[in-house]
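Hello,

Here is the structure I promised to hand over. Have a look at it first, and then read on for my notes.

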Amino acid sequence: MSGILIWAWLFTLPGLLMSALGVGKRPGAASQGGPPVMFVLALVALATGAHGDFRVEGWLPFLPDGAFHLRVDALSALMLAVVGAVSTCVYIYSLGYIPDQVGHSAGYSDEESEVAQRRFFCYLDFFVASMALLVLAGNLAVLLVGWTCVGISSFLLITFLNKKAGTLSAGLQALAANAIGDATLLVALVLVPMGCGDLTTLGTAPCIAGVGGAPLLALLIFIAAAAKSAQGPLYFWLPSAMAGPTPVSALIHAATMVAAGVYLMARTHGLLAAAPSVGQATAVIGILTALGGGILSLQQTNFKRSLAYSTVSQLGYMFAGIGFGAPFAAMFHLVTHASFKALLFLTAGVVIHALHGREKLSDMGGLRKELPGAYAAFLIGSLALIGLPLTSGSFSKDLILEAAQGHDFMPPLLWLGLFAGVFLTGMYSGRLFFGVFHGPRRFLGELHKPSGELLWPLVPLAIGALVLGYLEWPVPVLSRLLGETVGEAEAVHFPSVMGLAAGALGLAGFGLMAWRTEPAIQPAAVAARADDHGEAEHFEEPLEPNVGWSDWAAERSYGLAGALAGIQTGQLSRYILVSVLGVAAILLLTLAGSSVSVSQTFMGPR
Amino acid sequence: MNPEVLVLATSVVLLAIGVAGALIRRNPIAVLMSIELMLNGANLLLVLGARVRGNVDGQSAALIVLVLAAAEAVIGLGIALALFRDRDRVDIDEPAEVRG
């Protein structure tokens, strides 16, 4: 079984080729086969405990460990199962969602529209292949290839709707943040001593003997992971990435790719154990990101962007879990979060689709009766997200909170931040849920009813959001399957004081938003909104640029480059003069430094 | 006077004239000629070194320089001709407008 699964990164290749060549009547239908196969095979491998290696030596001989090394074990099988499951749902969803995005009203001709749809599924196939390569990588060299490829496919998919304003700059932001991560990973790859590079043994004595030792290596890998998972100051690209189509936001920017950082940290947890200072930094940054993401989510006016900050916040929980030395808790939260966050995003897509592409929260409200399926799905997703006891999110978040409680290296106030974050989670979930589905109707035009392709993928995700927690309780199945790959796992205690308190806190935040007073809406504004739907139909509104420190840094470096360009006058004689002076200076310095006389230099010994 | 010093001095003078010409002259043809002068000064030095040391390393290096100089002259003259066709007054600094 592991023999087949090791080639999982090629499963979507036939679909990619067929979509690219235009096989099949319906665009995208040819690509549907890859993800389910990956999901089923990964589940079987996970259940049977299959593991295996594939190694070709000397693939990149100039690197310390340049072998082409793939590995299937329980951890990679689990990740492949998550990627396979979420992408299966997203592929089906995209069949119904993408045609409207590239329709006539968005400025596409019939032919352009079909080409664009095929292109979309090619990109999706490329992403799934890259992600599979990333999680199957056995050493740093292969990991870097997958790591870079998911960044590229992320860019391609964010900028997919290239007729929409703002997608290119959003894609470039994502590319820039990913480049930071790629660069630090490359430095780590060069720094490890000869013969090292295997991801699971990075923390062993011979591998941390290089320059800088374990702390530097762990720091480089942490920065790479933080860039991919939008942690700390590198959060800025994820909210901007919402310019991509909603299925992409669900698959890449909520469930799988952004979780790759968490996966990498869990995979290399041995290294983190050898560098406790980096582990503590991970925990602090995770907590701060969890709080900051929650606060920023409350301030958003855009539906998807608010969900994106929620993703940033939840990834912060996972990083905190890893920092507190509980990689299993982080991986468990990754799995449950993948199901309920993908569910929330796909539901958001249904709502945006129904409102003819409107993404602003100020256009939403009172959609409970018209969109009962989306209403139920969003409620389930929100409750799992805030950790209502007995839903999946409660078990995984409780595990992280207990790991945080058991630590011994920081003042208690800081980890209580994680606890406060649960309240914020409840507040922003409630704000979205009640703001979108309850209250007065703000959009008075006719709704675009979702097709079955948009609704059916929500069902398995909703079931996952409800029951995935029972993988660990009452019987710890998942931690036993993962075994040594993520270190020792704490058992889930239920009911626990911590879990119940967190659940109550989250629900309090959620309920608080139900009584929030709605801002009064001018009747004229409502009427105007009802009229304008012809223009914005099927076309997601452009996102205003995401202003942050990255923009400031970009402007400064642009100015510096402009100042430096001034020395290039284009005057040939000046260039020659500078060259001559340079040569003269080099000659003088050489001659002054040598004890040999000029004639000896030229004539040599007789 | 030692003949080798004489050749050395000639080589230095050739190089100096070439540098001065390349810096001062505005006509592209004159600049190209000055560059040729510099190359020849260097060539002379190479041949002199080969002669003093009694091997052929310097001579073969000088041959390579000759070939490169020929190639460079072809390209340089081509650019100069294109400039002459394009403009009335030709100044080596004038095409600064094409800088990025």
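Leaving aside residues up to four places away in sequence, A:Leu505 touches A:Val422, A:Phe423 and A:Gly426; a contact here means that the C-beta atoms of two residues, placed from the backbone, lie within 7 Å. In sequence, A:Gly426 is 79 residues away from A:Leu505, yet their C-alpha atoms are 7.6 Å apart in space. A:Leu505 sits in helix H22 of chain A, which covers residues 497–514. Helices (H or I, at least four residues) and strands (E, at least two) are DSSP runs, numbered from the N terminus. A:Leu505 counts as buried because it has 20 C-beta neighbours inside 10 Å; the cut-offs are 20 or more other C-beta atoms within 10 Å for buried, 12 or fewer for exposed, and partly exposed in between, with C-beta atoms placed from the backbone.

Please keep in mind that this is a predicted model: local features need pLDDT of at least 70 and side-chain atom pairs count only at pLDDT 80 or more, while totals for chains, interfaces and linings use all residues. Residues are numbered from 1 along each chain as its sequence is written, and chains are lettered from A and ligands numbered from 1 in the order in which they are written.

Now to chain B. Its secondary structure consists of three helices and zero strands. The C-alpha trace of chain B spans about 50 × 25 × 25 Å along its principal axes. Of its 100 residues, 19% count as buried. Among the contacts in chain B with a separation of 6 or more, 48% are between residues 24 or more positions apart.

Happy exploring!
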